[in-house]
Amino acid sequence: MSEKLPQPMRPTSRIFGWLMEWLAEPNYQWAVKQLKPISPRRYFEIGFGTGRLAELVARTLKPEAISGVDPSELMLNTASARLKRFKKMTVDLRLGDDTKLGEFAGSFDAIVASHSFQFWSDPEATLRRLRTMIATDGRLVFVVRRHISKSVFEWLPNPITKSGDEIGGMLKALGDAGFHVAVNERLRSGSQGLVCVPA
Ligand SMILES: C[S@@+](CC[C@H](N)C(=O)[O-])C[C@H]1O[C@@H](n2cnc3c(N)ncnc32)[C@H](O)[C@@H]1O
């Protein structure tokens, strides 16, 4: 069944993975910049893809632990191989999606979802879960695609994305889940960047 899902939702091609991380490099740099002021000790990523952002976080911010979920076996293997060299860091990457966050114990200073929000089938439930996972002075960072073609709407599972006003819907859902949006800006890549803190 997973072979039938589109590449962005379940990458099975290495070439697609390389292309994705090349295009997203400015987003990764932006996300690291947002996290720098808090020097996170525990970093969590939802839909880590090739692990390029996690690698930048490991190298630049040197957290004690990096955890995350991604439902693509190829992405899990790619990201795990990439993070192997950070021997002093606890790395806990698992095969799974945004519905599996309850399996991780403890709180996280930094939680990031870059281009994965549109694949969450019950975003309100995931945001409520994230509110329980985030440290009191932690940051939840999103990078969200601004342009999604009409044909893609047919298979995207996220009702907020499908509503046609993704950012507006996110802002409301984030508020309802107990987050305050501190930064909401257009990135160099054309995506939208959000930094949220517990309200
Ligand atoms: C477009 S890629 C983005 C990858 C990376 N975060 C980036 O910004 O380059 C989307 C990633 O989210 C993962 N994904 C798909 N559905 C997901 C879900 N429900 N929860 C978490 N990750 C998901 C995919 O396997 C893929 O690796």
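Rings of Phe, Tyr and Trp count as a pair if their centres lie within 6.5 Å. By this rule the count comes to six aromatic pairs. Keep in mind that this is a predicted model.

**Stop 1**

Select F44 and F108. Their ring centres are 5.0 Å apart and their planes stand at 70°. Planes over 60 degrees apart count as edge-to-face, so this pair is edge-to-face.

Now colour the strands. F44 is in β1, and F108 is in β4, which covers residues 108–114. The two parts are 64 residues apart in sequence, so the pair ties them together.

The cut-off for buried is under 20%.

**Stop 2: a second pair**

Move to F117 and F142. This aromatic pair is also edge-to-face, with 5.8 Å from centre to centre and 85° between the planes. F117 sits in the loop between β4 and α4, while F142 belongs to strand β5 (residues 134–144). They lie 25 residues apart, and the pair links distant parts of the chain. F117 is buried, at 1% relative accessibility. F142 is buried too, at 0%.

**Stop 3**

Ring pairs link F44, F104 and F108 into a cluster.

Next, show R42 and R94. Which ring does the charged end of R42 sit over? It sits over the ring of F108, 4.2 Å from the centre of that ring. The charged end of R94 sits over the ring of F104, 4.0 Å from its centre.

**Stop 4: two helices that cross**

Two packed helices are described by the angle and the distance between their axes. Select α1 (residues 14–35) and α2 (residues 52–61). Their axes come within 9 Å and cross at roughly 40°. The crossing is right-handed.

Show the side chains where they touch:

- From α1, pick E21, E25, Y28, Q29, A31, V32 and L35.
- From α2, pick R52, L53, L56, V57, T60 and L61.

By class, this contact has eight nonpolar, two polar and three charged residues.

**Stop 5: inside α2**

Stay on α2. How many of its 10 residues are buried? Eight are, so the helix is largely enclosed by the rest of the structure. The buried residues are R52, L53, A54, E55, L56, V57, A58 and L61. What covers them includes α1, β1, β2 (65–70), α3 (73–83) and β4.

Zoom in on V57, in helix α2. It is buried, with a relative accessible area of 0%. Beyond its neighbours within four places in sequence, V57 is in contact with V32, Y43, K62, P63 and I66. For a sense of scale, draw a line from V57 to H147. Their C-alpha atoms are separated by 27 Å, and the two residues are 90 residues apart along the chain.

Then step past the end of the helix. K62 follows α2 and has a positive phi, near 45°.

**Stop 6**

Select T50 in the loop between β1 and α2. Its relative accessibility is 4%, so T50 counts as buried. Leaving aside neighbours within four places in sequence, T50 is in contact with G17, M20, E21, M75, T78, A79 and R82.

**Stop 7: L140 in strand β5**

Go back to β5 and pick L140. At 0% relative accessibility, L140 counts as buried. Which residues does it touch beyond its neighbours within four places in sequence? L140 is in contact with I111, L130, I134, L174, F179, L194, V195 and C196.

**Stop 8**

Most residues other than glycine have a negative phi.

Select S39, in the loop between α1 and β1. It is not a glycine, yet its phi is positive, about 40°. S39 is partly exposed, with a relative accessible area of 48%.

Last, select H115, in the loop between β4 and α4. H115 is not a glycine either, and its phi is positive, about 55°. H115 is buried, with a relative accessible area of 18%.

Notes: Residues are numbered from 1 along each chain as its sequence is written. This is a predicted model: local features need pLDDT of at least 70, side-chain atom pairs count only at pLDDT 80 or more; totals for chains, interfaces and linings use all residues. Side-chain values use heavy atoms; hydrogens and water are left out. Axes are lines fitted to C-alpha atoms, for helices over the stretch in contact, and angles run from 0 to 180 degrees between N-to-C directions. Helices (H or I, at least four residues) and strands (E, at least two) are DSSP runs, numbered from the N terminus. A crossing is left-handed if the near helix is turned anticlockwise from the far one by less than a right angle, and right-handed if clockwise. Contact means heavy atoms within 4.5 Å. Ala, Val, Leu, Ile, Met, Phe, Trp, Tyr, Cys and Pro count as nonpolar, Asp, Glu, Lys and Arg as charged, and the others, Gly among them, as polar. Buried means under 20% relative accessible area, exposed over 50%, partly exposed in between (1.4 Å probe, protein chains only). Rings of Phe, Tyr and Trp (its six-membered ring) pair if their centres lie within 6.5 Å; planes under 30 degrees apart count as stacked, over 60 as edge-to-face and the rest as tilted. A charge sits over a ring if NZ of Lys or CZ of Arg is within 6 Å of the ring centre and within 35 degrees of the ring normal.
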